[in-house]
Amino acid sequence: MKHNFEKLTIWQDAVDLAVKVILSVKDSTNYSLKDQLTRSSVSVPSNIAEGCERQTEKEFSRYLSIAAGSSGEVRTQLIIASRIGMIDKDSSEGVVEDYRKLSAQIYAFKNKINS
């Protein structure tokens, strides 16, 4: 069963969150954490898209797991960035919560395609 990733809510939400993260760190001079946050946030929708383009549901499921893992990576980096004062604590807490919700949605979708 082939999916069109652009129509998947999880992909759309992941793109929106990646944009939010990138914009929140764009002026930072902490280049290593800024780069890591950018990469990991972009990794979430990218892995959803890549999985959709694979040949089997098993491969798609694997890439969804990778996307959820990248979501955890972003949350960790946002918490660190907030604690060191790189980004605003209040706004980072909202984005962290949005990534928690996204992870749950990714796993729910993964379970749906695996059943």
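I count a contact when heavy atoms lie within 4.5 Å, and I take helices as DSSP runs (H or I, at least four residues; numbered from the N terminus). This is a predicted model, where local features need pLDDT of at least 70, side-chain atom pairs count only at pLDDT 80 or more, and totals for chains, interfaces and linings use all residues. Residues are numbered from 1 along each chain as its sequence is written, and side-chain values use heavy atoms, with hydrogens and water left out.

Entry 1, packing. I looked up what the buried residues of α2 pack against, and found α1 (9-25), α3 (57-83) and α4 (89-114). Buried means under 20% relative accessible area (1.4 Å probe, protein chains only). Among the buried residues of α2 are L37, V44, P45 and I48.

I found that the axes of α2 and α3 come within 8 Å and cross at roughly 160 degrees. The axes are lines fitted to C-alpha atoms, for helices over the stretch in contact, and angles run from 0 to 180 degrees between N-to-C directions. Angles over 145 degrees count as roughly antiparallel, so I noted α2 and α3 as roughly antiparallel to each other.

I picked L33, which lies in helix α2. L33 is buried, with a relative accessible area of 14%. Not counting residues up to four places away in sequence, L33 touches Q77, I80, A81, I84 and M86. I also checked L33 and I79: they are 46 residues apart in sequence and 11 Å apart in space, C-alpha to C-alpha.

Key. Buried < 20%, exposed > 50% of the residue type's maximum accessible area, 1.4 Å probe, protein only. Helix = DSSP H or I, 4+ residues; strand = E, 2+ residues; numbered from the N terminus. Parallel < 35°, antiparallel > 145°, perpendicular 65-115°, else oblique.
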